[in-house]
Amino acid sequence: MSWRRVRAVLLHQWYDTRRSPVRTIELAYWPVLWLVLWGFITNYILSAGADVPGGVRILLGGLILWELTYRASLEMSWAFMIDVWDRNILNLHASPLTPAEHFVGSLIFSLIRASAAVALLVVMAWLFFDYNLLDAGRVVPAAVLILLGMGFALGLAIRAIILRYGSNAEIVAWSLPFLVQPVAAVFYPIEVLPGWLQAVANAVPASHVFEALRAFVTDGEVLAARLGAGLALDVVYFALAATYSARVYHTVRVRGLLGRPGY
Amino acid sequence: MTAPGPDPARTPTGAAIEVVDLVKDFAGALALDGVSFAVPRGQVCALLGPNGAGKTTTIHILLGLTLPTAGTARILGHDVTRERSLALRRTNFTASYVQLPARLRVHEILRIFAEYYEVDDAKGAVEEAITLFRIEHLRHQRAQLLSSGQQTLVGLAKAFVNRPEVLFLDEPTASLDPEHAFEVRNTLRRVASDQGMTILITSHNMVEIERIADRVLLISNGRLVADASPAQLRDEYQAADLEEVFLTVARQGRNARRHPITEGGQP
């Protein structure tokens with residue numbers, strides 16, 4: 001692993017972001033839009049006198065923390081796709097840069113972007129909707145770690161899918177996190193899902209995080225087993241995504257796909 | 001760049017590029033069928049052949065982009081399938097069919113690639129590459145605003161940014177006007193001579209090859225069919241120029257595909 005090449009990946013991402021108004025604006029546009037929408041929904045629910053365990057504002061906590069997973073996954077994919085769109089993949093693979101170095105550089109850049117987006121949401125939720133994420137206390141650091149880990153595992157898998165199937169597969173990058181969200185217990189507990197979907201939800205790291213978050217806010221209880229399960233699932237999914245990526249890298253080199261248009 | 005020097009002990013021939021019994025089978029389509037050659041240091045070697053002959057596949061295998069079905073490919077003694085980063089740090093590549101990061105400025109692109117190749121004095125190397133291809137006026141231009149000819153020049157500057165010992169060029173002057181193509185040929189020839197750079201180049205411009213190549217490898221249907229200097233090839237094929245040699249080889253290759261000879265000599 002050459003840290004100089006990792007830094008060069010970061011530099012490339014920085015130059016590209018600086019020159020891409022879409023990439024810059026998008027970082028705030030969707031998160032803020034969702035926060036405003038859910039902020040008013042929670043206002044409406046509160047004005048109607050309804051409540052949920054842990055308070056209605058916990059929905060905003062779900063929204064903000066889910067942004068970590070979504071953003072980490074999206075940014076990892078985006079960092080790869082700019083080279084696919086620019087048809088620069090061949091130049092990269094013909095250089096000493098290794099896939100692992102590109103991954104680590106992308107991960108660091110994604111971490112910075114995800115942190116910026118979530119920090120903005122935390123401040124806005126506090127200023128405009130009277131919600132302080134840090135009220136969730138000791139669970140927050142573990143939640144952040146697990147949700148980021150899940151996002152990076154998703155991002156790694158999506159990058160491999162795009163490497164294998166080309167730019168036509170980029171729809172996966174945008175849609176996969178949304179496919180997982182209904183079973184991630186972001187806004188509602190696992191128990192509201194049908195039995196068979198509960199089994200699926202229990203296999204999602206994020207669902208354990210949000211269950212633990214609700215338990216802490218409601219009862220002040222830290223569900224260490226839940227957080228442990230979330231972390232363990234992250235490790236499993238990351239290992240699976242890394243194995244799949246290595247297989248794909250081998251396959252595209254066997255099939256000579258790196259030199260074909262669309263890669 | 002402080003790259004280690006060549007290690008002749010690692011290659012039986014001490015060659016800069018060494019390909020032995022290279023076979024590439026793309027799911028039943030045989031792109032390379034036992035190609036072997038060695039290119040000594042400092043030689044400008046052309047890899048010629050009709051479309052689909054296996055030229056690009058050979059270069060992609062040498063760059064570690066494609067894995068061979070059988071055989072070995074070595075650059076400066078490093079097996080490219082097992083020691084990819086070590087081999088590629090001392091090489092570079094450009095082709096008419098690759099592009100550069102669209103939104104980045106030319107000097108930023110060169111800087112990033114200088115870092116990928118871990119060049120000492122990256123800033124100086126970038127300036128050197130810019131001067132070499134006379135693209136000072138493009139330094140602050142975004143890649144997406146460059147003409148195809150300008151992109152080609154920037155691609156060539158990228159290929160020189162690490163002062164490579166081995167350079168792979170796949171139709172490098174395809175989109176250049178005659179004047180720029182002439183200048184690029186002279187630059188390639190001069191740098192190869194001054195720095196002892198080894199160049200493996202493909203091109204469909206036979207005049208270009210006659211002017212810059214010390215040696216020509218002719219490849220047809222995935223097999224090496226000739227290996228000689230341009231002058232020797234003209235003599236061997238009793239041709240007026242290299243283009244005539246090329247046409248003869250291409251027709252022979254086409255006929256061989258239409259009327260394959262069986263082992264017993266019967267078509």
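Predicted model: local features only at pLDDT ≥ 70, side-chain atom pairs only at ≥ 80, totals over all residues.
User: Which residues of H1(A) and H5(A) meet?

Analyst: From H1(A) come A:Arg5, A:Val6, A:Val9, A:Leu10 and A:Gln13. Their partners in H5(A) are A:Glu101, A:His102, A:Val104, A:Gly105, A:Ser106, A:Ile108 and A:Phe109. By class, the contact has six nonpolar, four polar and two charged residues. As a general point, an α-helix has 3.6 residues a turn, so residues three or four places apart point the same way.

User: What makes the radius of gyration of chain B agree with that of a compact globule?

Analyst: For 267 residues, the globule rule gives a radius of gyration near 18 Å, and chain B has 19 Å; the value therefore agrees with the rule. Along the principal axes, the C-alpha atoms of chain B fill a box of roughly 65 × 40 × 35 Å. Its secondary structure comes to nine helices and ten strands.

User: How many of the residues in H1(B) are buried, and which are they?

Analyst: A residue counts as buried if 20 or more other C-beta atoms lie within 10 Å of its own. Eight of the eight residues of H1(B) are buried, and the helix is described as mostly covered. They are B:Lys55, B:Thr56, B:Thr57, B:Thr58, B:Ile59, B:His60, B:Ile61 and B:Leu62. In chain B as a whole, buried residues make up 49% of the 267 residues. Just after H1(B), B:Gly64 takes a positive phi of about 75°.

User: What makes up the side of chain B that touches chain A?

Analyst: The contact takes 26 residues from chain B and 28 residues from chain A. On the side of chain B, the elements that give two or more residues are helix H1 (55-62), helix H2 (84-89) and helix H3 (106-116). The largest share, five residues, comes from H3(B). The residues of this side divide into 15 nonpolar, six polar and five charged.

How values were computed. Residues numbered from 1 in each chain as written. Chains lettered and ligands numbered in written order. Contact = placed C-beta atoms within 7 Å. Helix = DSSP H or I, 4+ residues; strand = E, 2+ residues; numbered from the N terminus. Nonpolar A, V, L, I, M, F, W, Y, C, P; charged D, E, K, R; others polar. Rg over C-alpha atoms; globule rule 2.2 N^0.38 Å. Buried ≥ 20, exposed ≤ 12 C-beta atoms within 10 Å, placed from the backbone.
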